[in-house]
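Here's a quick briefing on the structure below, with a look at its charged side chains. Take a look at it first, then read on.

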Amino acid sequence: MNTETDWVYRVFEPHGSEGWRPYGSEPERWQGAITAPDSPEGAKYAISRIVGDLMTEWERSGLHHAMHVRVFLWHDEAGDMEEADFVVEVRPRTDIDAA
């Protein structure tokens, strides 16, 4: 019995009336697969790693670079956005300096 699975992910950013486009100047950096337990906890683990990487990137380049993104997660292989098993929307606060 297989107890691990590949969670395939892609990160997208808003692109006006055109919808969503791959995130960042190096979109291949924000797509890939994470092997995790085949359970809801495995999906949470994969998403937390991706969001953690985003946060690290934004902290390194300055929090003013943080932007609204969507993380799409598929079980085993990527498909259309509408077919994603999980979608997590990250909306950083824009008033970070005022806090």
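A residue counts as buried under 20% relative accessible area, exposed over 50%, and partly exposed in between (1.4 Å probe, protein chains only). This is a predicted model, so local features need pLDDT of at least 70, side-chain atom pairs count only at pLDDT 80 or more, and totals for chains, interfaces and linings use all residues. Residues are numbered from 1 along each chain as its sequence is written, and side-chain values use heavy atoms, leaving out hydrogens and water.

**Confidence**
- The chain's mean pLDDT (the predictor's confidence in each residue, from 0 to 100) is 87, and 92% of its residues reach 70 or more.

**Salt bridges**
- The whole structure has five salt bridges, each a side-chain nitrogen of Lys or Arg within 4 Å of a carboxyl oxygen of Asp or Glu.
- R29 pairs with E57, with the closest N and O atoms 3.2 Å apart.
- Because R29 sits in the loop between β2 (20-22) and β3 (31-37) and E57 in helix α1, this pair ties together parts 28 residues apart in sequence; helices (H or I, at least four residues) and strands (E, at least two) are DSSP runs, numbered from the N terminus.
- R29 is partly exposed at 40% relative accessible area, and E57 is partly exposed too, at 24%.
- R70 and E89 also meet in a salt bridge (3.0 Å, N to O).
- That pair links distant parts of the chain, with R70 in strand β4 and E89 in strand β5, 19 residues apart.
- R21 bridges to E13 at 3.5 Å, N to O; R21 is partly exposed at 36%, while E13 is buried at 7%.
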